[in-house]
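Work through the exercises below with the sequence and the 3D view side by side. Try each task before you read its solution.

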Amino acid sequence: PTASATGAAQAHSGATAPAATTASATVAGRACANGASGEPRGAAEEGELRIARYDYIPGESDVTQILLKANDPVRIFKVTDSGWAAGVRLAKDTLEEIGEAGWFPAGYLHPRGYVAAK
């Protein structure tokens, strides 16, 4: 990782993601907003689109956290004061959700308004 990625990792090495109940509430809130079936709406209908700046690999015991790959589009639902973001990865070509929603360090995202070079 780059020096910035190392710094971001060090910033979160002692921090823990929000409790599982908080993650569950965030995901449950998404399900309610998406209708009774809990099926996700189109990616553009909720949350903020951001781009992952670094890879993030959660520990095996961190079941409420999700893996990020650099340059992945991510739909953000919530950012905590402690620097954790709740969101879901999106497919680069279709912006459809990939996998489950979960937590990851907000510092691993590019700033708002970032546009990837082609």
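**Exercise 1.** In which loop does A70 lie?

Solution. A70 lies in the loop between β1 and β2 (73-79). Strands here are DSSP runs of E with at least two residues, helices are runs of H or I with at least four, and both are numbered from the N terminus. This is a predicted model, where local features need pLDDT of at least 70, side-chain atom pairs count only at pLDDT 80 or more, and totals for chains, interfaces and linings use all residues. Residues are numbered from 1 along each chain as its sequence is written, and side-chain values use heavy atoms, with hydrogens and water left out.

**Exercise 2.** Describe the surroundings of A70.

Solution. A70 counts as partly exposed, because its relative accessibility is 29%; buried means under 20% relative accessible area, exposed over 50%, and partly exposed in between (1.4 Å probe, protein chains only). Next, list the contacts, meaning heavy atoms within 4.5 Å. Leaving aside neighbours within four places in sequence, A70 touches A52, R53, Y54, D55 and K92. Finally, take one of these partners. A52 is 18 residues from A70 along the chain, yet their C-alpha atoms are separated by 5.1 Å.

**Exercise 3.** Give the order of helices and strands along the protein chain.

Solution. Count the elements: the chain has two helices and four strands. Then read along the sequence: the pattern is α-α-β-β-β-β.

**Exercise 4.** Trace the strand pairing around β3.

Solution. Two strands pair if DSSP finds at least two bridges between them. Take β2 first. It pairs with β3 in the antiparallel sense over five bridges.

Strand β3 (residues 84-90) and strand β4 (residues 97-105) pair in the antiparallel sense over six bridges. W84 stands opposite P105 in β4. Six residues lie between β3 and β4 in their hairpin.

Last, check burial. Seven of the seven residues of β3 are buried, so β3 is largely enclosed by the rest of the structure.

**Exercise 5.** Which phi values do N71 and L95 have?

Solution. Begin with N71, in the loop between β1 and β2. Its phi is near 75 degrees, a positive value in a residue other than glycine. N71 is partly exposed, with a relative accessible area of 40%. Move on to L95, in the loop between β3 and β4. L95 is not a glycine either, and has a positive phi of about 60 degrees. At 28% relative accessibility, L95 is partly exposed.

**Exercise 6.** Describe the largest pocket and its lining.

Solution. First, the space: about 270 Å³ lies in the largest pocket. A pocket is an open set of points on a 1 Å grid over the protein atoms alone, where a 1.4 Å probe fits, with protein on both sides within 12 Å along at least five of seven lines; lining residues have an atom within 4 Å of a point. The volume is the space filled by probe spheres set on the points.

Second, the lining. It has 13 residues, and L49, I51, N71, P73 and A116 lie nearest the centre. Strand β1 (residues 48-51) gives the largest share, three residues.
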